[in-house]
Structure formats: C-alpha cells, structure tokens
Amino acid sequence: MRNVAAHLAVATPATLKLERTGRSARLVLAGDWLVGEAARMDETLRALNTTGVNDLLIDAGKIGHLDSAGAWLILRTRHLLEASNIRVTHVELPEYGRPLYQRLESGSLGPAAEFHRRQTFGDFLERIGRGTMHVLHQTYDLVGFLGRVTVETWEAILSPNHELPWPAFIQQIEETGLTALPIVGMLAFLLGIVLAYQGADQLKRFNAEIYTIDFLGVGFLRELGGLVTAIIVAGRSGSAFTAHIGTMRVNEETDAMQTIGLNIAEILVLPRVLALIVSLFFLTFYADVVGIVGGMVMTYFDLGITFPAFMRELEGAISLRTLLVGLIKAPVFAFVIALVGCFEGLRVERNAGSVGRLTTRSVVESIFLIIALDAAFSVLFSVLGV
Amino acid sequence: MSGLTPGDKEAVIQIRQLVNAFGDSVIHDHLDLDVYRGEVLGVVGGSGAGKSVLLRSIVGLNRPLAGSIKVFGQETAQEDGEDLRGLQLRWGVLFQEGALFSSQTVAQNIQVPMRRWTPMSEDLMDQLAAMKLALVGLAADAGAKFPSEISGGMKKRAGLARALALDPELLFLDEPTSGLDPISAAQFDDLVRNLQRSLGLTVFLVTHDLDTLRATCDRIAVLVNRKVKLGTIESLSRDPDPWIHEYFCGPRGRAALEHA
C-alpha cells in the first residue's frame, strides 16, 4: 500500500475504542479525523466487532480536527450500525463539527453509485461492430464531402460574380509552400545522397557505377520525389489544416460562420485545397531538382564523376516524360491531403481531446491514401505503357 | 492540516509589493493584500484589471516580476511547482470553465487528488466521490458521466467537488457564476456560502457578479489603477474613484444593492 503524502499526515492520529457495558456500548473516537487518516480508519471501522450490542453511543466529542471525509466516516458508521439493528442513541460531536455533520446528514447519501464501466465480452463485440460501422460511415461521409467540395469549387470558378478568397489562398500558399522549402529541400538532398550511395555500392559489383545516375534520375523523378514531398506535406500541412479548423470548431467559430450565412466549404476548404495543389506541384519539382543535386554531389565524391559528365549521363537517362509522370501525381496527392485535413477538422467535437485525436487520424489517413494512390498510379502507368 | 478549528484572525494569504507586468503594460503595481482565515474575499475589477493574474500568481501558475506572496506563511511567488507540494493539498482551485480532465469521468476527476495523495481503497474513494457530489448538489449518476456529457453549470459544480476532494482550507474560485443562468448562479452562491460555513473554508473569489458579491462576500477587494481597494459594498459605494462608483452605483449595481 502506498503511504500517505507527508503533508497529509496529521498531528494526532485518529483512534477509536469500543467500550462495552453489558448490552450497550460507547464508541469513543479521538485524534484528528481528516482525509489523510481516512484510509486507515476505513479499515479499522470495517473490522469493528459489535456482536451482542443493542444500543450504542458514538462519542466524537473529544476529537481534534474534523473534515468532510472524517465526518462522512462517522455518518457511514452510524448508518452501517443501524442497518445491522443496533440502535445508535446519540452522536456526540464537538461544537464546530456539527454544521458539517448535519449538512452531510441532510444530503442524499445513498449507496455509492457505480462509477466504473466494467468491460464484458459483449462490450468487446459491440466495440468491433461500432468500429466497422464507423469506418463505413467515415468512407461514406468522405465521399460526400468530396462531392460537396467539387461542386462548390466548380461553382466558385464558373460563376462570374463569385469572388474567390484570394487573400486566404495566397496566405495558404505561403504557409504550405514557401515555409516548407527548407525541410523539403533538406530531406530531398539527403535522400539523393542516400540513394546515390546505395545505388553506387550495388552497381559497383557489376562495374556499372555509371548507371547510378540513371537509377537516381528515374527513381527520384518518377516516384520518390513526389512521394516524399507528399508525405512531408501531409505531416506538416494536413495536420495544420485539421488542427486549425478543429480549433475553430471548438471555439464555435464555424457555427458563427454558419449563422452569418458564410459558406464554410468556400471560405475554409477551397483556399486550402487550391493552395495545396499549387504548392505541392512546385514543391515536388523543387524536391526533384534538389534530390538530383544531392545525388550529383554524392557521385562526385564516391565515384569521381564530374558534374558535366553527370549531366550528360542524366540527359540520356531521363526525358521530359519521366519528370511529368512524377509531377502529374502531385496535384492528386495535394487534393487528397487537403481534403482529408479539412474533412477531419470539420468533424472535431467541442472538446480539447478531439482536436488531437482527429489531427493524428488526418495525418495517418492521408499518408495511407497517398501510398495507396501511388501504387494505383504505378499499375495505371504500366497498363498504359508510360 | 486542519479541517475545522475555532476561528482566529490570521492572514492566510499575505501579498506584499506585488508587481506583475506583461511587456510594457503594468498589471499590478506594488499591490498589498491580506486574506484572513474563515472569510470570503470577493475580488472585482474591470476586464484586464488583473483579477485572474492575481489568482494565478497566488497559486504559483504565474511568476510575478517582484514582490512576495505568502500562503500559510509559505512563499509561492518565487517557487517552482515542486516546492508548493505542501500547499497544493491545502488549497483547491475552481477554474473558470471547471477545467475537468476531459478523458475521465466526473467521479474519476474528483478522485484524482485522492489517488495522488492518499492510500485509500477504490471503494472508499467511490464513496467519498459520491459524498462530494452530494455536497455540491449533483446527482449520484453524474459521477459516471464524462465532462463533455454535462452542462456548464454541472461542470462548475463538478470542478468544485474536485477542488474540495482533499478538504482544503483555502478555496480559489475564478468567476464561479459566469455563464450560469440567474437561478443556477444564485444556487451556486448559496452553495459556496453554505460550504464555506460548514467546512470552515477561506474563500478567494474572483467575480464580475454583483449578486454574488452581495450574497457571499465578507469583504471586497477592488482592483483599480493597478492597486487594490478594500471594503464592503456599503463603504465602496461611497468611494470617490469613478470606476468603483460606476460599478456599484451604475444601473446594475443599484439593482443588485436594492435587493440587499
């Protein structure tokens, strides 16, 4: 058993004594009846042997201090004694303790309610069922949201007197694109180094080091550049979308928008979706370039290939099509990240825990969807023979 | 550690020469204040006058620029949280929105301090939680609910129950009646007064509500011009300061006082 915190220790420990005179008895309490003593006195009181007692007087007149835990223990003792057919003739309390005792006595002190929700096998099955239905509902809602955003986007673009939220769009481009440049560049550069090093290491065995450049060019432009950038942006901007919109939900800002008659999809979702599509496209291109530069630096130091030689080899290895195959995926990834980020943000409930939970979910979902879509693209391109 | 003892006029909180400032704006300028054992001190002031900052400074959540704050003779203004441990058991704080832990039920919320500081059995803690719920006027079934499932007024009562979990001597209430309907607010005033009497509490009550001041407070501290002015409603309503005059003698102030 843990010990009572030192500061809750009392000056004079609580005591109790049962004095029997024939069939009647006196329960004499002394010391400080405070919350720090409650655990000990709870056990002592439960162990009290009152067999053969007909009527009893609780004498707490000499106790030192009393708080609500102590007063409640005395009251509970009285109720328990009465329940076992012992007449409690009187409860003697010090002057200052009476108001507290009377207050507890007058309050409705029924049996302690069941506060713990116990888990049964039925609950377990119920959770599985709930989880399944939740995933299905989620998918259904996400598709619905996709439809809504698509319609609103078209309306916003097509209708001539419909003002696009330009300032928000520019601000989002800055937040999702410009400020992501250092991290995306850094990671792409390092990834270029890693790829070049690993490629060179393997290809050396066949005396085919020069193909490191082909491997690097095709691998980075077609797949890795776009994938890595999308994953970084999902973690960076997708989470920011959810957290920002979610906090607005908690503050009832979105409700306020609705009552004013503002269109949430147009104000919150549209600028983010459009801005991220633009940002991610350019970020992917930037990552491609920086990644190739990283590989170029590594091949120079590892294989001694000079920059002009590298460029000549690269020119032979890749074409514009290689670059475009990678870049065409970026807007799709961006659309998914922004859509999921906003969607989860709008599902936040009015409590603080909800924001964190849905932010995590938004990032996990968008990364999952990015990789799944990338696989789908690979299949599609191979079928099309691109 | 004492629950109820015959009252003696002892300063439970002693604030001397307190200075608080954020950037260039000075909130408290060499402020002095005493809170005596067993009294209910109401703290009022305009928005931004530093009521909440004062409360946060006393309980050690905000480190002031200068000055000393002693609670039960122990310095809180310049200490770290660890060193306040002795005090954390002796005071309870009710935050404005209740600040209940949203991942736990109301009963578990009330048991958090008990679990942290005492070796009580689960049974006993359940019984005590039920007792605290009854004490603050909540039905026993509220204990099994999560904070997101109960109303604002119930949250405040539940927050009060948690603040009272270890039977503190000193209770801090930050705008306990804000956001409540007048009937609930009046009930809460009664509750505070009642608990203060039966548990022998010292209460530091930050409020905007004139009815609360009238119904519960023994003394009133007005934060005005970065200092504090002490008095009762009667004495303060004769104060020459324009803000205090407007506060107590404006239309709302008069209406509240006429019922007195």
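Visitor: How many bridges join β3(B) to strand β9 of chain B?
Guide: This is a predicted model, where local features need pLDDT of at least 70, side-chain atom pairs count only at pLDDT 80 or more, and totals for chains, interfaces and linings use all residues. Residues are numbered from 1 along each chain as its sequence is written, with chains lettered from A and ligands numbered from 1 in the order in which they are written. Strands are DSSP runs of E, at least two residues, and helices runs of H or I, at least four, numbered from the N terminus. β3(B) and β9(B), residues 219–224, run parallel, and the bridges between them number five.

Visitor: Which residue is the bridge partner of B:V44 in β9(B)?
Guide: Two strands pair if DSSP finds at least two bridges between them. For B:V44, the partner in β9(B) is B:V222.

Visitor: Which residue in β8(B) stands opposite B:L41?
Guide: β8(B), residues 202–206, pairs with β3(B) in the parallel sense, over four bridges. Opposite B:L41 stands B:F204.

Visitor: How many residues of β3(B) are buried?
Guide: Buried means 20 or more other C-beta atoms within 10 Å of a residue's own; exposed means 12 or fewer, partly exposed in between, with C-beta atoms placed from the backbone. B:V40, B:G42 and B:V44 point one way, B:L41, B:V43 and B:G45 the other, and all are buried. For strand β3, residues 40–45, that count is six of six.

Visitor: Why does A:A338 count as buried?
Guide: A:A338 sits in helix α12 of chain A, residues 329–346. A:A338 counts as buried because its C-beta neighbours inside 10 Å number 30.
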